[in-house]
Amino acid sequence: METPGSQSSLHRANLERVVRAVRMAGSLTQAEIARTTGLSAATVSNIVRELKESGTVQVTPTSAGGRRARAVSLSGDAGAVVGVDFGHSHLRVAVGNLAHQVLAEEAEPIDVDASAEEGFDRAEQLVHRLIATTGINREKLIGVGLGVPGPIDVETGELGSTSILPGWSGTHPREELRARLGVPVHVDNDANLGALGEQVWGNGRGARDLAYIKVASGVGAGLVINGHIYRGPGGTAGEIGHITLDESGPVCRCGNRGCLETFTAARYVLPLLHSSHGTDLTMARVVQLAREGDPGCRRVVGDLGRHIGSGVANLCNLLNPSRVVIGGDLAEAGDVVLGPVRDSVARYAIPSAARQLTVVPGTLGGRAEVLGALALVLSEMGDATLLEPSVPSPAGRAAGTVDGERRARVGAVAAPA
């Protein structure tokens, strides 16, 4: 029996610190683990050896700074996680392992006006198909991350009002998917998951404080503060699209006038080009034409950048992030959009905050949200469960709580061979 302050409890705490560092980063050298955890090199070496012998981590040769090193990651066969992303017109699912490797991924179109039940039917089918493709034992499935394009009430798990999937308002996506798949489900909005995806796999790596800006059918920001997603007490933090730019501007869906969204969201922007470019334009096509030098599209994308920059300047003044990642289709516009964003930040942000900020394009494109859904499970699954020595009893499995299911699943996959 461990007692607080005992040698055994200290050892257990150090094991969890190492597992947490590796779980969040995907792969670290032993020197990086020591820097991240504050543990000595000798302690890290002993812990890594113990975790390797138990099958919790795998160690592979690598190099760091031109010198030989050993990369430590969670064992690829220790468990699997699933990411599900519902967008304006797509459903994307990915299956990954605990070593941050994507094993399978697939996207298919979805009717935005489809019912929630139909959407979950298709998600369930796609998850089953990808799991079968990878050959993963379903007992090794630890959890599912779910992204939806709307605000989630952090207390009830209910999806709030959304103009993107109007038929889904008032539903409980977490409970619905959990009932279908039989594993814990973690749900968040698409902007937060985009931030997680870029932080773990993309252009947000290494930044402890960043904002991910996504412009599509709506405008949202995923906020990372001190390494963690900030959602606010009601789950609505990051609604940058409803910053007022012009009190006499167009009426927004929120009821206010001149919100940032009314100057940047696709449904407001694309009609500006209909008379000259036709009515079948998409934002991706506008970005492509702007990169190719089309004057009208370059003007529209540049204006988008200036308006987004005004919103980013407000974020700088309030939160002082070190990095802003522009995601979605606009990321492909490069300096056509990034230049105006930076100009607006330099003009409207506090000079000291503007100097500390780096504005970069996202590197994950349309995959940011589904990869963020994988990262959400990896961040929420906990560390102690990976070190459990045995599978919980059948009675524990039957308890029915999310935590009980998580312990049962992870205990099963983390038990030493």
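Which elements cover the buried residues of helix 2? The structure is a predicted model, in which local features require pLDDT of at least 70 and side-chain atom pairs count only at pLDDT 80 or more, while totals for chains, interfaces and linings use all residues. Residues are numbered from 1 along each chain as its sequence is written, and side-chain values use heavy atoms, with hydrogens and water left out.

Helix 2 spans residues 30-37 (helices are DSSP runs of H or I with at least four residues, strands runs of E with at least two, numbered from the N terminus). Its buried residues are Q30, I33, A34 and T37 (buried, under 20% relative accessible area; exposed, over 50%; partly exposed in between; 1.4 Å probe, protein chains only). Viewed down the helix axis, these residues fall within an arc of 100° and therefore line one face of helix 2 (the arc is that of the directions from the helix axis to the C-beta atoms). The cover over them includes helix 1, strand 1 (28-29), helix 3 and strand 3 (67-74). R35 and T36, on the other side of helix 2, are exposed. G38, with a positive phi near 80°, follows helix 2.

A search of the whole structure finds one aromatic pair (ring centres of Phe, Tyr or Trp, the latter by its six-membered ring, within 6.5 Å; planes under 30 degrees apart are stacked, over 60 edge-to-face, the rest tilted). The ring centres of F86 and F120 lie 5.8 Å apart with planes at 80°, so the pair is edge-to-face. Because F86 lies in strand 4 (residues 80-86) and F120 in helix 4 (residues 116-134), the pair ties together parts 34 residues apart in sequence.

How values were computed: Contact = heavy atoms within 4.5 Å.
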